[in-house]
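Please keep the sequence and the model in view while reading.

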Amino acid sequence: MTLNSFALAGFACATLLSAAMASAQNGAVAPSAPIKNVVLVHGLFADGSSWQKVIPLLQAKGLHVTAVQNPTTSLDADVDAVRRALAQQDGPTLLVAHSYGGMVISQAGDDPTVAGLVYIAARAPDAGEDYPALTRKFPAAPASAGLQWSADGYGKLSEQAFVQDFAGDLPAAEAETYYAVQQPVGKAITMAKTTVAAWRDKPSWYAVSSEDRTINPDLQRFMANRMHARTIVLKSSHVSLLSHSAEVAGLILQASGE
């Protein structure tokens, strides 16, 4: 081997090492083989129908998709619902969450069948972290002012807050449709803390909503940066899975290795 050959070989090795280190740093190494199972986890003030535009885009690429119906009564109940869905999958699975669902997949994501985590404008607290305290480090999101509690301890967003702040970039009639299926939130969720942060050990992706009025976009960027997630930014309200479904599906497909 000539001196030039040695130099070229050395350069190639250094380049590969640099690329590997960069991938490890952002924590979002593409899977060696495509992941065929995707479990979708909705957030608060919504149900599984919030994924209805994303699901057919994933199915068209041959993915096996399951949308969990969280009871949204407590974090433990929601994690149990996701674990039941994971038990029904055949092979490695990608967990995808919107909004509060990020807490759920951070907790449930330690399941050995989970190959990666995708966060869509989602919460991503560390293990044992006080999420409400974390939010107070950033300006309050306007939607929080519209949260109304019933006498029996369940919360819902007012119609105005839902249409304008939660789903502000949807046509009004479409936003009203999703308002009609809003699920009440159990008070216990507001005090819940995850005991696991699966994103510390699993490859992660994050879609930031830059026009979000439900979770501060700067808080989203902070959480995405902290987990070294591969990140995209969408000019979207909180419900990017509805208003930017093609881009959200594209991120999920990227994470699946398709």
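Predicted model: local features only at pLDDT ≥ 70, side-chain atom pairs only at ≥ 80, totals over all residues.

Q: Which side chain of opposite charge is nearest to Asp 111, and how far away is it?
A: Leaving aside neighbours within four places in sequence, Asp 111 is in contact with Leu 86, Lys 202 and Arg 83. Asp 111 is buried yet has no salt bridge. A salt bridge requires the nitrogen and the carboxyl oxygen to be within 4 Å. The nearest side chain of opposite charge is that of Arg 83, at 4.5 Å.

Q: Which backbone nitrogen does the side chain of Asp 78 reach?
A: Asp 78 is found in helix 3 (residues 75-87). Not counting residues up to four places away in sequence, Asp 78 touches several residues, including Asn 70, Pro 71, Thr 72 and Tyr 100. At 2.9 Å, the side chain of Asp 78 reaches the backbone nitrogen of Thr 72.

Q: How far from Asp 78 is the nearest side chain of opposite charge?
A: Asp 78 is buried yet has no salt bridge. The cut-off for a salt bridge is within 4 Å.

Q: Is Asp 76 buried or exposed?
A: Asp 76 lies in helix 3. A residue counts as exposed when its relative accessible area is over 50%. Because the relative accessible area of Asp 76 is 59%, this residue is exposed.

Q: What is the C-alpha to C-alpha distance between Asp 76 and Val 104?
A: Val 104 is also among the residues that Asp 78 touches. In sequence, Asp 76 and Val 104 are 28 residues apart. In space, their C-alpha to C-alpha distance is 8.4 Å.

Q: Which strands are the edge strands of the open sheet?
A: The open sheet is formed by 6 strands in the order 2-1-3-4-8-9, with parallel pairing. Each edge strand pairs on one side only, and the two are strand 2 (64-68) and strand 9 (230-234).

Q: Which residue in strand 4 is the bridge partner of His 98?
A: Strand 3 (residues 93-98) pairs with strand 4 (residues 114-120) in the parallel sense, over 6 bridges. His 98 has as its bridge partner in strand 4 the residue Ile 120.

Notes:
Residues numbered from 1 in each chain as written. Heavy atoms only, no water. Pairing = 2+ DSSP bridges. Helix = DSSP H or I, 4+ residues; strand = E, 2+ residues; numbered from the N terminus. Buried < 20%, exposed > 50% of the residue type's maximum accessible area, 1.4 Å probe, protein only. Lys, Arg positive; Asp, Glu negative; His and termini not counted. Polar contact = N/O pair within 3.5 Å; in protein donor to acceptor, adjacent residues only side chain to side chain. Contact = heavy atoms within 4.5 Å.
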